[in-house]
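Trainee: Could you walk me through this one? I'd like to take the helices and the sheet in turn.

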Amino acid sequence: MLELDSTDLSAFEAAYQAAQKSLAEGGIPIGAALARDGVVIAGGHNERVQNADPIAHGEMSALRAAGRQKSYRDATLYTTLAPCAMCAGTIIQFKIPRVVVGEARTFDGELELLRSRGVDVVVLDDQRCVDMMGRFQDAHPELWAEDIAE
Ligand SMILES: [Zn+2]
């Protein structure tokens, strides 16, 4: 498994800042960024509330913002929260080889699915992300349940 390198933390910060932006907009605080060699191609955040778009999870929004890429084989996707089944499927479909996850405590996601398909998954267990999602889930349980279809 590849370890974190120094550029990971700055790229991850872009995902975290996107989550904070969503929170400030009244949305669900989950952010993501796609980067190549530590250089952020694009970031995005959950847009369920902002655009009434149930498919616009943070990862999906970041990939949409990145536009057409010839290949994802040298890219890393950074996300503040463990990817759900939809986003994990998209990661597998586009053959993104590496995913850096802020936390998997408030939602365990589909990390084993990703690993079973050969994706290198790094979990930072970032306390800021745990606190951000924990507070949101406590304050907006219905909205959170809607986002993960529970
Ligand atoms: Zn998702």
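Mentor: A word on terms before we start: a residue is called buried if 20 or more other C-beta atoms lie within 10 Å of its own, exposed if 12 or fewer do, and partly exposed in between, with the C-beta atoms placed from the backbone. Helices (H or I, at least four residues) and strands (E, at least two) are DSSP runs, numbered from the N terminus. This is a predicted model, in which local features need pLDDT of at least 70 and side-chain atom pairs count only at pLDDT 80 or more, while totals for chains, interfaces and linings use all residues. Residues are numbered from 1 along each chain as its sequence is written.

Trainee: OK, so is helix α3 mostly covered or mostly open?

Mentor: Helix α3, residues 58–66, is mostly covered, as seven of its nine residues are buried. Those are G58, E59, M60, S61, A62, L63 and A66, and they pack against α1, β1, β2, β3 and α4 (85–93), where a contact means that two C-beta atoms, placed from the backbone, lie within 7 Å.

Trainee: And what comes just after α3?

Mentor: G67 follows there, and it takes a positive phi of about 70°.

Trainee: Switching to α6, which of its residues are buried?

Mentor: In α6, which covers residues 127–139, the buried ones are C129, M132, M133 and F136. Seen down the helix axis they fall within an arc of 85°, so they line one face of α6; the arc is that of the directions from the helix axis to the C-beta atoms.

Trainee: What about the other side of α6?

Mentor: There Q127, D131, D138 and A139 are exposed. The buried residues, by contrast, are covered by elements including α1 (6–24), β3 (75–81), β4 (98–103) and α7 (141–147).

Trainee: Now the sheet: what is the strand order?

Mentor: It is an open sheet of five strands in the order β2-β1-β3-β4-β5, with mixed pairing, where two strands pair if DSSP finds at least two bridges between them. The edge strands are β2 and β5 (120–123), each of which pairs on one side only.

Trainee: In which sense do β4 and β5 pair?

Mentor: They pair in the parallel sense, over four bridges, and the bridge partner of R98 is D120 in β5.

Trainee: Last one, G38: where is it, and what does it contact?

Mentor: G38 sits in the loop between β1 (31–36) and β2 (39–45), and it counts as partly exposed because it has 13 C-beta neighbours inside 10 Å. Leaving aside its neighbours within four places in sequence, G38 is in contact with T7, D8, S10 and A11.

Notes:
Expected span 1.5 Å × (residues − 1).
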